[in-house]
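Welcome! Here is a friendly walk through a few parts of this fold, one region at a time.

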Amino acid sequence: MHGTPTVAVFRPDDDRLTDAVALLEDLGADPVPDPMLAVDATGATPRTDADYVVFTSKTGAELVSEAGWQPGAETVCAIGPATADALRAEGYAVDLVPEEFTSSGLVAALDGRIDGARVEVARSDHGSDVLLDGFEDAGAYVHETVLYRLVRPAGSGKSTELAAEGSLDALCFTSSLTVEHFLEAAAERGIREDALAGLADATVGVIGDPTAETARSLGIDVDVVPDDATFDALARETFATVPTPRE
């Protein structure tokens, strides 16, 4: 690596990408924004007969507000502080946020409370089975409502070319789908193997064990999995792991 480290980031092209780029610049990186996710809203809202409603993303919070969802007496759960803040910003009360901001952390937080309860999981079409299986194992009646579908934006993939050239020093993957879409974009360009080789020489950071498992299953070595499943922690720990530049 020479000079300022280049760090690819794959957040959706909204304020999350803007904030991610700003954070990386503050850390001293040269960000490479390459959105790998776009939102296709379904217009659905959570069912009205649930005892618990679980949200897993800021996007989901915003979409149910746009669709006019009005909660009743159900317990509203957010997978982490970013989702909770988004719900509150839309005027919703949040009753529970787990200490561990992951699907397994949320399952653990509700274990012992939901036996026989109706649990509604409102999220994207690419949610982990950990939530559904975990709630069912805890004795809940589980229903999933798909609020939005996640698709790969047209024109995404410039970071794959940089990876293939060996020009990326680090990458921050925020979900299994960003990993899959990165490799799909590389394959479309005919550079999948070269991109994988480039990642082998870069620092690869991911949010959460499911994303790490996906990356490893696809031939990507993972260097950083922060304990705190937030982009802030991911960016900071990934950047801190990048080797010191050579003069």
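Helix α1 passes helix α10 in a right-handed crossing (the near helix is turned clockwise from the far one by less than a right angle). Helices here are DSSP runs of H or I with at least four residues, strands are runs of E with at least two, and both are numbered from the N terminus. This is a predicted model, where local features need pLDDT of at least 70, side-chain atom pairs count only at pLDDT 80 or more, and totals for chains, interfaces and linings use all residues. Residues are numbered from 1 along each chain as its sequence is written, and side-chain values use heavy atoms, leaving out hydrogens and water.

On the α1 side, Ala20, Leu23, Leu24 and Leu27 meet Phe231, Asp232, Ala235, Arg236 and Phe239 of α10; contact means heavy atoms within 4.5 Å.

## Lys58 and its neighbours

Lys58 sits in helix α2, which spans residues 58-66. Not counting residues up to four places away in sequence, Lys58 touches Asp15, Arg16, Thr83 and Ala86. With Asp15, the link is a side-chain to side-chain polar contact at 3.4 Å.

## Inside helix α4

Which residues of helix α4 (residues 103-110) are buried? They are Ser103, Gly105, Leu106, Val107 and Leu110, where buried means under 20% relative accessible area with a 1.4 Å probe, protein chains only. Their cover includes β4 (52-55), β5 (75-78) and α5 (129-137). Just after α4, Gly112 takes a positive phi of about 95 degrees.

Key. A polar contact is a pair of N or O atoms within 3.5 Å; within protein, one must be able to donate a hydrogen and the other to accept it, and residues adjacent in sequence count only if both atoms are side-chain atoms. Buried means under 20% relative accessible area, exposed over 50%, partly exposed in between (1.4 Å probe, protein chains only).
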